[in-house]
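Biologist: I'd like to learn how to read salt bridges in a model. Could you walk me through some?

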Amino acid sequence: MKKLKYLFAALAASFVTVLPLAAGCSEKKEEKQEQGIIQNNPQPETPQEPQVEVEEENKVKTITYFTVTTNGVNIRSGAGTGYSVRGQAEKSTLYSLSDKSGEWYKTGYRNNAGYISSKYCTLVNMPSSGNETIEAVIEEGCKLLGTPYVYGAVRLHDGRGNFYKSFITDEFDCSSLMQYIFYKGAGKLLDVNTRTQVYQGTSVTASQLKRGDLMFFTNASRKNNKGVERIGHVALYLGNNYILHTASDYAKIEQISSTRWSYFIQGQRII
């Protein structure tokens, strides 16, 4: 009997010892399972914005012009040799390319259309400003290529928007041309001459010039004057060292010569 009592006591003690250990293993196993659930089901990441192809949008657009390879190339009223001659193209100057009809390039000429045979022409591309208003101003200027220069030509308006009835588009000097194209292309009111237009907009240096900026120069007769009285010419910068202006002969697009650069005073950004 004593041996049985000792046996039952030993068995009871073993159960007391084993049960807590079993409970502890069960908790650890559940903890591991819960951790496994968290690891296998991570929190969703923040959705990424879809990548949009913008390369084409960011690509710099170009504006196409053309130049003739020799002097005296006829500018005709239509696309063919049977049309009347309206003038002659000058070598190394640029003309805007607005359309092509067969073997003929269409351009602006004296506020009308002019056609030049493409066999005498070379295409020239220049970067666009990317600004529709600036390009509209330039386009107005390109319509007037070939228009005669007349010193003191009648202005479009008095600088405040009061328009002159005697104004015509058959002649311009440098400042009246700039006044006209900025009003037609952008609705901007420029003053009546170079020495007052130079105060409008924001001043820029030669290295800061962008397509559509005004460039102000002195000249041989004014270079020794003081202050604003030195200014004697204004042109529209197109980029790649080209300007659209009129000076002594007719409205044209040409490269800035080294002599003209030596006369440069400052630029003004109107737009």
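This is a predicted model: local features need pLDDT of at least 70, side-chain atom pairs count only at pLDDT 80 or more; totals for chains, interfaces and linings use all residues.

Biologist: Are D173 and R155 buried or exposed?

Modeller: Buried, both D173 and R155. The cut-off to remember is under 20% relative accessible area for buried and over 50% for exposed.

Biologist: How many salt bridges does the structure hold?

Modeller: The count is 8. Take E90 and K252, whose closest N and O atoms sit 3.1 Å apart. E90 is in the loop between strand 3 (85–89) and strand 4 (94–96), while K252 is in strand 13 (residues 251–255), so this bridge ties together parts 162 residues apart in sequence.

Biologist: And how accessible are the partners?

Modeller: E90 has a relative accessible area of 23%, so it counts as partly exposed. K252 comes out at 8%, which makes it buried.

Biologist: What about D158 and R160?

Modeller: They form a salt bridge too, with 3.2 Å between the closest N and O atoms. Here D158 is buried at 13% relative accessible area, whereas R160 is exposed at 63%.

Biologist: Which residues do shared partners join into one network?

Modeller: E90, D249 and K252 are joined that way, through salt bridges that share partners.

How values were computed. Residues are numbered from 1 along each chain as its sequence is written. Side-chain values use heavy atoms; hydrogens and water are left out. A salt bridge is a side-chain nitrogen of Lys or Arg within 4 Å of a carboxyl oxygen of Asp or Glu. Helices (H or I, at least four residues) and strands (E, at least two) are DSSP runs, numbered from the N terminus. Buried means under 20% relative accessible area, exposed over 50%, partly exposed in between (1.4 Å probe, protein chains only).
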